[in-house]
Amino acid sequence: MAFVLTAKDVQRMNGVLNQLMARAEAQGGMVCDFSGHVLTEVGFDSQDPMLISALGAGVFAASRELARLLGEDEFSSVIHQGEKRGLFICAVDRDTLLVVAFSVSASMGLVKLYARPAVAELRALFAAVQERAESRPSDEQSFVLNDAKEWFGSEEKPTAP
Amino acid sequence: MSFINYATREIQLKIVYYGCGLCGKTTNLQVIHQMIRDEAKGSLTSLATSQDRTLFFDFMPLSADAVRGFKTKFQMYTVPGQVMYNMTRRLVLRGADGVVFVVDSQWDKMQQNVESLANLEENLKLQGDSLDTIPYILQYNKRDLPNVAPAKYLEFVFNNRGGLRRPSMAAVAPRGDGVFESLNLIARLVLNRFVKQHGGKENADQQFKLA
């Protein structure tokens, strides 16, 4: 089945992310799932959020397996730090991740500190989403496919890759 | 697992290209990226070794107006085909809504193809899914090479699960032959299942045939 978010859910998530970014002086915040889908993002304007989500999910999933090899349940967070910017990734629940981009002038400690209450709020939100999905079917519209022979077409012959 | 965002009117779906090493998974995505119009694609990202062997995955987002009132985004992934990267394949396969299983049609690749399909089945089972339920198609790639098995043989070996035939497609990926046909086919199967799960109206032409 699908993971369904209403406009209200997204508004709440954006509120959590905005608050986290303001407190931690971060530059961007994103919630994604372990499949790499972007649930919502704030501040990743010039980057490709879908790509960050796909790579972040891959990185975190790989780190999780590394943790298991070392006898841990998982590593609670993954941090990448460059010369100017860094990335903090942690699990919200078993299906979703929080990704925070920060400049190195911001304190990593602040990001970790304020990520914790943000994760708690997001976890509660997703628990409510899950409960809603289980207790009643969606009362939004049903879906209809557009009539088209093909949705993807080619424009030119390829040169050898 | 698909994702519906009513705030942004977006549906996100994940399609994974699977198969043994060097069967043409990455070539499929490269050709799609090269040939599709710019508005429909994002950048193609490949996490690969210096010898261009996929190490983690290739990723490319595509978008289409497939569902009325919604923007449909497809996340296209390939897995690394080499045997030792099984754990990575499991990670990439997580949450897949559809699979394109790419078969290397050459005779001397048959064992690897069979092992890869068994591996796909095993990894799907580990995440609570199965080849009997997930939408997938078979792409018989490299049909232009001289030492390839006949299509009927490939159908017999790979498309014979419990009497139900899956859609299959011949392909020569570097030339683009069969690439977009495979893409449109798997997109249709994935979306048909999606609308069916949500009580909507799927297209009448089902693509499934009984043997």
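I began with contacts inside chain B. Residues 24 or more positions apart make up 68% of the chain B contacts with a separation of 6 or more. Two residues are in contact if their C-beta atoms, placed from the backbone, lie within 7 Å.

I noted the ground rules. This is a predicted model, where local features need pLDDT of at least 70, side-chain atom pairs count only at pLDDT 80 or more, and totals for chains, interfaces and linings use all residues. Residues are numbered from 1 along each chain as its sequence is written, while chains are lettered from A and ligands numbered from 1 in the order in which they are written.

Next I looked up the build of chain B. Chain B has 5 helices and 10 strands. Both are DSSP runs numbered from the N terminus: helices are H or I, at least four residues, and strands are E, at least two. Of its 211 residues, 48% are buried (20 or more other C-beta atoms within 10 Å of the residue's own, all placed from the backbone). The C-alpha atoms of chain B fill a box of roughly 50 × 45 × 35 Å along the principal axes.

Then I turned to the contact between the chains. Chain A gives 38 residues and chain B gives 52 residues. Helix 2 of chain A gives the most to the chain A side, with 7 residues.

Last, I checked the strands. Strand 1 of chain A and strand 1 of chain B (residues 3–5) run parallel, joined by 3 bridges. Strands pair if DSSP finds at least two bridges between them. Val4(A) has Ile4(B) as its bridge partner.

Methods:
Buried ≥ 20, exposed ≤ 12 C-beta atoms within 10 Å, placed from the backbone.
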